[in-house]
Amino acid sequence: MATLFKKDWFGLLIVVVVSGLAIAAVKPAFLSSFNLYVLMVSTSYMLIIALAQMIIIAIGQMNLSVGAIGGLVAISFSGLMEVHQISVPVAVLISLVIGMTCGFLNGYITAKSGISAFIITLATLYIFKGINLGITEAEPFYNIPETVKNFGNAKLGNTPIPFLIVIPIIITFLMWVFMNRTETGRHMLAYGNSVQSAELIGISSSKVVITAHVISGFLAATAGILVVCRLQLGTPNIGDSWLLPSFAAPVIGGAILAGGKVDVIATALGVLIVVIISQALVIFKIDPFFVQIFLGVMILLAVLVNRYREYKQEALRKIFNSE
Amino acid sequence: MKSLFSIVASAAVVLSGGAFAGSSDTKVALVPGGPHPYFAAWEKAGQDAVKDFGLGKADYKVPAEWDLSQQNELIESLVGKGYNAVLVFPGDAVGTNKILGELDDAGIPTAALAGCVEQPTKAKMCFGTDTGHSAYLGTKQLIDAMGGKGKIAHFTGFLVDPNTTLRIKAVEKAVEESGGDVEIIQVIADIDAYEPADEKINAFMAAQGAEVDGIVTTAWVPAVVAAQALTNMGDKRIKMVGIDHDEVVLEAIKAGFVHGTMLQNPYGQGYIGSYAMDKIRGGCTFKANAPWKSTAQTDQFIDSGTVFVDVTDVDNYVDAMRGISLEILKTFEGDFLDC
Amino acid sequence: MNKKIPNFIFTNQFGLLCLVLIFIVIFSTVTDGFTSRFNIFALSRVIAIDIMIGLAMMVVILTGGLNLALGAIGVCAAMFGGWCMEVLEIPIIPSILLMLGMGSFLGWINGFITVKTGVHSFIVTLATMSIYFGFMTMLTEAEAFRRLPELFTDFGSAKLFNKYISPLLLVSVATCFVLFYVFRFTDIGRKLIAAGANPEAAELSGISVNRMFIYCHVLSGFLGALAAILLTTRIGAAIPSMAGQLGMDWLLPAFLAPVIGGTLLSGGKLSVFGTMLGAVLVTLLTNGLYLLDVGEFWIRFFLGIILLMAVLLDRTREYFTLRKVIVS
Amino acid sequence: MNEFCLEIRSANKSFPGVKALDQASFRLRKGSIHALLGENGAGKSTLIKIITGVHKQDSGKLFINGKEETLNNPNDATKFGISVVHQERNLIRRFSVGENLMLNNLPKTPLGLIDYDEITIKSKKWLEMMDLDIDPKTVVSELTVAKMQLCEIAKALSLKAKILLLDEPTSSLSPQESENLFTLLKKIVRDEGVSIVFVSHKLEEVFNICDDVTVLRDGENACTSEDIKNLDRQKLVRLMIGRDEQIVKSARKIKNAKDTILALRNVKTELGHRNIDLELNRSEIIGLYGLVGAGRTELMKCLIGQDKITDGDVIVNGKKVTINSPKTALEKFKIGYISEDRKKEGLILIHNVLDNTSITVWSQIRKAFGFVSDGMIANKVDSYIRQLEVKTPSNYQLISNLSGGNQQKISVAKWLAAGTDILIIDEPTVGIDIKTKAYLHELIIKLADNGTSIILISSDMPEMISLADKILVMKDFQMSGIVENDHDYDAVSSKIMEFIHT
């Protein structure tokens, strides 16, 4: 039990359950099957977006271009199908490759130049978004094949579970395995913990950085495709609003921006909290002017709580050490 | 490399453009607020105006972002380049006035297109949609469709856009006029991006879907997302009135999930706007007794036509809009101008 | 002995200056209208505001941090000033002081939270960006203040030097000189730089690093408010959307100018005039690209490429030359 | 028999401003324990980094088992069975002990995933071998410094190293732990055929376990792979410092023996110090001796207000005071602290000589509106830069381009410029060449003679004994004893060791 309390995700799980129950107590419709469906749909792509940022946070960097990659992939995906009549699986494949290429560029330039990823991805954010607008001239692609649309709307049998969330759940699981059970994943966290130590151990920094960015690009691309499935159109604006939630969820999940500490499950719960909160704001008809403030306060609270926990642990360690 | 290519290409465009130049030296710039599909029709409208009225140029120039400063920067560079008439969708109903004033000082006539700037202004006219009125009419249509009673929700765009406040108020006004049988149960704003719009509108549907009888949307993105949501849900009970001509909305009307949409007339705006600019540059002035309309923002308003389209006329809305445009054009000079 | 070596040629600023001059020559020969009075005047005004925004971000980058809330602070200050002038009818000068005070105060909040919690300023300002902007829209209901005193708004359209230059540019350039003086020739400026370069060493050398970091955030808020004042006189009204949604539209110029100008993202090295030249270069290029008709939709793409090229070139230059001047 | 498993021939390596290795050679016999000795800055670390593939030599050859090889990165070295325990902690603090031990060679399940059970089992084996009673699942950040050190050694062993480099492995171990380690080392040399390169300052240890000795001095070989039987302590020291071990018999006399300038009474700190008493007289040099992790630096940081003193009295010039920041310490009480970590805490590497030297005096010399010009600064600090004979092309040279010795001079100069009454000097000669070291020693004595009171932290016993007037020994964040220093090396050092090992 004591070890459970130590886990980042345990407290968050309690927050999710308690807030869910509290909302349901006041508004029973919250647990209606349709609402659960909506909740899961929103969670689906948000989850991937958060993971795309999380893996970069894991190595102690930031990726501002997550949304731009998602947007570029979204319009490529829909454009390939509409303009070039490419079949869905091939379009998915090409789109994922585009996303990974974008990620590779981010990673390669960052690793080879040694310039902060913040600046590199700020630049590529404008480059990717520029290509997006240059191609589309701000016009959405509408002719999404029925199969894609159906995929975006389908549910698993008679359950309220959207088909759309299946892939994110699988990816989340794979990401958990990756970060916790594979050598590359552990090396990334080691690198995030201490670049110097990692290099002395013999971990190749450019390999770690590039891999992380490629995965981030892949995830951003997946999110872009999912959003197209969901919205049933490929609009150039996709991705514009991802930046804030992409950081909010991992940070609420206890990630440390300096790197080396991320938790896939806690990040997923962070996504759930963000989604539940934005739903609650709609359900309780909170003054729309208030929504912004609320989100900001949430982020601040989350980091303060994490900070406090760490401070406590550090204090414990000091006492333990001196005795 | 790419830039070089673009430069060469654009040089070619400039040259060929020069060859087609008509009798007039009017060079109109049509500047939207930012990249948005709504304005796409302006490009064709400008080209048609050059052909039909013999303008020097009428080019569609889009700011890279929805940002007042970017728009100002673009307009300034266009003037630097020799454009001598500017039609602009105001980046801000108030904030755009300053640059319009400065253009006027430089002898460049301007007009607000599609949306208005607030008076006092140096813009020669506002030719476009009365955003408040359109929202009002849309709500009226919705209330009619709901049989005069029920609960409605209003989805709209960025709160920082003053038009949003106008729209919220207009919807409230229409509801008040219904005499208490209609009630606004929720306003959701700030959803001009697709993902949050999808999240919030669907959350709303889940929580209030059973209670709500009608939805009015007064911004592009919410209209698209709400139409999509209703289509996905297969819900024909809830009546919805959208805005603009996004294909998703039009399809939903055809399929019966959306009652109708408030169409604006972007083509007509660009076409007639360019024409008017040429006339003004040619020495015409607006008549003292021109049949201006008045809106909350300005009393030099000319309606470019707001049309409510439902399932009966959704297929030929383009013709309908063209008809309106020609109608306005026919009487424009006689009604408004002293030449 | 100990004479300063004149190695200006190897500095980032010299490279920038050359680039600026080269582009001026290119644009004035290739495009029509670049050198027109109207265009130069318009450029001077845009440059003025971009310089100010760049400086505001620069002083926080000095600490190795970021200020994402810069735009939100600017808008809050502008709206507050609009309210003072229009509703409370406070005269112009006190109103301007109040706006600057408001900006400084919001900057102080950022600095205070950052220092006291030890949380990275990226996250802190990400949150306060939302909070400031939210409060602003809530309190103003997104209504603009447009009946500002004429004297105030006329300043933004005034033309000097044979109608070529906006007085706004003079304000910005003057601010550059003041900041240059502060960072180069005062103890506090030197302490700010030292604290940013190596907080531990600075702290152990008797500098109160926390206080210095808070000063930087306050200064950032102050300069952000100053940028907002310039922008307000130029727009002629205080409007909630003047820096875009959440004030994020300021972020690109805010980062471009200092980064291109040679300010170190990890902190401890800045260049006031580099930032100025960075802002000039970016504005010049945007303007030139518009004039060249590369297609407005591609502008962002080119800005991104330019930023990338600038940082990569700077990295290369750094590789080949030793840096010797900290403030320049 | 005399087969060399590792050989380096005439290696050269330069860093900006420093020639770290000059024709250095080194031969390691298979199955031997080889001491690599030299003073700080003599090039040992550089040589180790070349052997482990972190750096590449500028010229010279490297042979492994008689074959010439090139090591491009640490992975290459690992492949040849070379593994190292660095002075710096290289454990991933948020990972478990077991995972850290296995990080280079994580056991995997048939699916290619990491097998944590296997990690626990395997790492347990190594921990037991080291007599370490640690659950492999413990997170490293929860360990004590000494245990972290042992884990690092366990980790190196776990890599099945054939050549093991230990860089000061006992610096933070208790004698018992050290003994255990030596037993273990001898065992693995005997049983596993491992060869060990052993770096240490403690000559007793060298004579205890090593077979061969290589000594570096200023990057050159003072001796190459000598059999230890041919050497005695005195010879060794002569090789290391180029002259006989000289204990400076300081003729200093403390003028005002009872003039207490600083006193700590029963002080307790938030970092865990307890019952700390200390008395410093004017013009006195007191030394703080102790093992790494004894809490010396930490105590001084509490004193200058970096961390909090939670209980007890701090008395400066007879008055009870509270010092809540280094700023107060400097400006109000004229206490300065020269950090042991020059690069991290002492200097601002990206700034120039002038700015670094003057950082402490800006507030003093500013004029109206805070005006401080380069000229004013140069006026104030130039004399110190010259007095300390700092070798720099100009005052505008970046600190990062100076040699270690000159950097250290700058970090001393800035406190001289500040005019402090009490100067805390933390490990002043780590990584400093011998000449500068001697110079700094003279300087410290001169400072004290001129009225500055000095607290000297040093792990260098000869340095401590030659400089300090009295030596306070610390252990586990407590004072364990005071030794009046009569500069008799053997007597004093054995007294000190007694206090440490009780």
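Predicted model: local features only at pLDDT ≥ 70, side-chain atom pairs only at ≥ 80, totals over all residues.

Residues are numbered from 1 along each chain as its sequence is written, and chains are lettered from A and ligands numbered from 1 in the order in which they are written.

Now the helix. Helices (H or I, at least four residues) and strands (E, at least two) are DSSP runs, numbered from the N terminus. Buried means that 20 or more other C-beta atoms, placed from the backbone, lie within 10 Å of the residue's own; 12 or fewer is exposed, and in between is partly exposed. Helix H9 of chain A, residues 183-193, has nine of its 11 residues buried. Among them are A:Arg186, A:His187 and A:Tyr191.

Next, the chain contacts. Two residues are in contact if their C-beta atoms, placed from the backbone, lie within 7 Å. Five pairs of chains are in contact, and chains B and C share the most contacts. There, 41 residues of chain C meet 38 residues of chain B. On the chain C side, H12(C) gives the largest share, five residues. By contrast, chains B and D do not touch, and their nearest C-alpha atoms are 36 Å apart.

On to the interior. A nonpolar core is a set of buried Ala, Val, Leu, Ile, Met, Phe, Trp, Tyr and Cys residues joined through C-beta atoms within 7 Å. The largest one has 505 residues, and B:Ala227, C:Met52 and C:Cys76 have the most contacts inside it. H10(C) supplies the largest share of this core, 18 residues. Beyond four places in sequence, B:Ala227 contacts residues including B:Met240, B:Val249 and B:Phe257.

Last, chain D. Six of its strands form an open, mixed sheet in the order S6-S7-S8-S3-S9-S10. Strands pair if DSSP finds at least two bridges between them. S6 (82-85) and S10 (220-227) of chain D are at the edges with a single partner strand each, so one side of each has no neighbour in the sheet. S7 (163-167) and S8 (195-199) of chain D pair in the parallel sense over five bridges, and D:Ile163 stands opposite D:Ser195.
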